Amino acid sequence: MLSVFMLGSCKAPQLSRTEKVKLPSVFVEDSSDTLTMASMSWKSFFPDHYLTAYIDTALANNHTFLKAVERMSIARAQMKVGKGAMFPEVMLGVGGNVQRFGEYTMDGVGNSTTNTSDLQADKHIPSPYKSVNIGLNFQWEADIWGKLNDKRRASAKRWMSSIEATRLAQTLLVCEVANTYYKLVGLDKKAYVLHLAIEKTKESQELAEILMNEGEESRLSVDQFRSRSLKLEDMLLQTEQEIAETERGFAVLLGKYPFEIKRSTFEQVSSFGFPIEVGIPAQLLRNRPDVVAAELELLASKSDLSAARKTFFPSLVIGGSGGWEAFSLNKWFSSPASMVYNLAAGLTAPIFKRNEVRALWAEAKANQRIALLDYHQTVLQSYVEVVDLISASEQMSLRKELKAEESRIHHRSIYNANKLFKAGFAGYLDVLSADERYLDCELERIELNIAYCKLHTMLYRSLGGGTF
């Protein structure tokens with residue numbers, strides 16, 4: 001049986017066009033190398049064997065990252081749902097019912113008159129009425145315009161986008177583990193420098209006490225050195241507390257309970273060299289997970305728009321069912337006597353739902369424009385982020401050299417100030433001033449070297465996070 005319900009024709013608007021992203025040819029004027037650190041694995045990028053082992057542990061145990069992996073599984077399941085819309089929906093049904101009709105009802109009277117003597121006894125309608133049935137039902141929308149195929153493509157693009165989101169989560173986790181590790185190395189060095197400063201200050205205090213007993217210095221100089229020693233001890237306690245808290249946070253990042261965290265020394269980490277090849281800007285479009293995800297979302301929105309456009313066109317739905325139905329079980333599978341089936345097809349098109357369809361079409365167009373803007377914004381921000389980090393890396397490398405030379409000068413000043421103080425040619429204030437300037441310089445040098453390591457980690461992430 002073929003039933004045609006309603007036909008309507010609508011003129012659908014055309015698909016909107018999208019712009020192509022045009023990036024500059026190079027990040028910096030003096031660089032056009034197509035090699036990039038983004039093509040390296042994190043195992044190759046980070047030279048510290050302690051750090052690579054911790055990253056491996058975090059990728060296996062970190063709860064936030066594992067949840068991102070599960071979200072990718074959800075997206076894969078949704079993609080299968082979209083793909084399944086292309087095939088018929090088939091269901092198996094088994095049922096039974098018992099029903100008694102009243103004698104003074106239309107059904108009751110009709111049944112009594114039907115059960116005549118010339119009708120075979122096994123075909124008489126029983127009272128109460130019993131029915132058992134088993135059969136298959138199916139329904140299929142023929143994709144004559146490609147609407148379902150567009151929806152399938154959209155779900156596939158979003159599944160691919162979820163893969164890129166997982167890659168991004170993995171990259172962020174690698175960077176977070178590396179940055180926390182470098183922070184611990186810097187705190188270790190800071191604690192070591194404070195230990196040395198406390199020892200030096202105590203030595204100066206002892207010298208001031210000797211000079212005070214000889215009448216060459218006053219109690220004031222002794223108290224000043226003692227006061228500075230107490231201040232440094234307080235700074236050391238704060239640093240040790242920060243180390244303990246950072247170690248516990250690092251263990252949580254690895255998905256483990258607190259444990260002893262082994263790490264390289266500050267001097268070893270400072271001597272490590274990082275790859276410096278940044279490549280060309282066009283590589284961002286295929287290396288950065290957030291850029292690729294934004295591009296995939298744009299493609300998915302185009303498929304959504306195409307599917308919304310085809311909603312204006314008629315839909316052909318074919319359905320039917322087949323099986324066996326009888327009064328009793330012993331007649332259930334009597335074939336062909338107990339066999340039943342039906343087949344139907346319908347062609348429908350929107351008429352009174354036209355405003356709703358147009359609203360969906362307008363929403364799909366707006367979503368596509370938003371996806372396009374998000375894509376352009378992501379690419380622009382990615383490019384600027386890389387340029388900023390390249391510039392910062394160059395400047396920080398120069399600053400490291402300057403700070404190292406400044407530290408050497410301050411260290412020499414401490415030696416000379418103590419010699420002059422012991423000989424009586426310099427006062428205690430000169431010694432205190434030299435100590436303070438050297439300590440400040442050393443703490444700044446530590447922060448600068450650790451920031452340099454973190455900056456290259458961020459540059460690695462900004463260029464795409466490498467391969468996994």
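This is a predicted model: local features need pLDDT of at least 70, side-chain atom pairs count only at pLDDT 80 or more; totals for chains, interfaces and linings use all residues.
Is Ala60 buried, exposed or partly exposed, and why?

Reply: Ala60 counts as partly exposed, because its relative accessibility is 47%. Buried would need a value under 20%, and exposed a value over 50%. Ala60 sits in helix α2, which covers residues 49-61. Now look across the sequence. Ala60 and Leu254 are 194 residues apart along the chain. In space, their C-alpha atoms are 8.2 Å apart.

Next comes Ser264. This residue lies in the loop between α6 (219-253) and α7 (266-271). Ser264 has a relative accessible area of 7%, so it is buried. Its side chain makes a polar contact of 2.8 Å with the side chain of Asp48. Leaving out residues up to four places away in sequence, Ser264 touches Asp48, Tyr50, Tyr181, Val185 and Val269.

Now turn to α6 itself. Helix α6 packs against helix α11 (residues 428-462). The angle is about 15°, and the axes are 10 Å apart. Angles under 35 degrees count as roughly parallel, and α6 and α11 are therefore roughly parallel to each other. Their crossing is left-handed.

Which residues meet there? On the α6 side they include Leu220, Phe225, Leu232 and Met235. On the α11 side, Val431, Leu432, Leu439 and Leu443 are among them. The residues of this contact divide into nine nonpolar, two polar and three charged.

Definitions and conventions
Residues are numbered from 1 along each chain as its sequence is written. Side-chain values use heavy atoms; hydrogens and water are left out. Helices (H or I, at least four residues) and strands (E, at least two) are DSSP runs, numbered from the N terminus. Buried means under 20% relative accessible area, exposed over 50%, partly exposed in between (1.4 Å probe, protein chains only). A polar contact is a pair of N or O atoms within 3.5 Å; within protein, one must be able to donate a hydrogen and the other to accept it, and residues adjacent in sequence count only if both atoms are side-chain atoms. Contact means heavy atoms within 4.5 Å. Axes are lines fitted to C-alpha atoms, for helices over the stretch in contact, and angles run from 0 to 180 degrees between N-to-C directions. Angles under 35 degrees count as roughly parallel, over 145 as roughly antiparallel, 65 to 115 as roughly perpendicular and the rest as oblique. A crossing is left-handed if the near helix is turned anticlockwise from the far one by less than a right angle, and right-handed if clockwise. Ala, Val, Leu, Ile, Met, Phe, Trp, Tyr, Cys and Pro count as nonpolar, Asp, Glu, Lys and Arg as charged, and the others, Gly among them, as polar.
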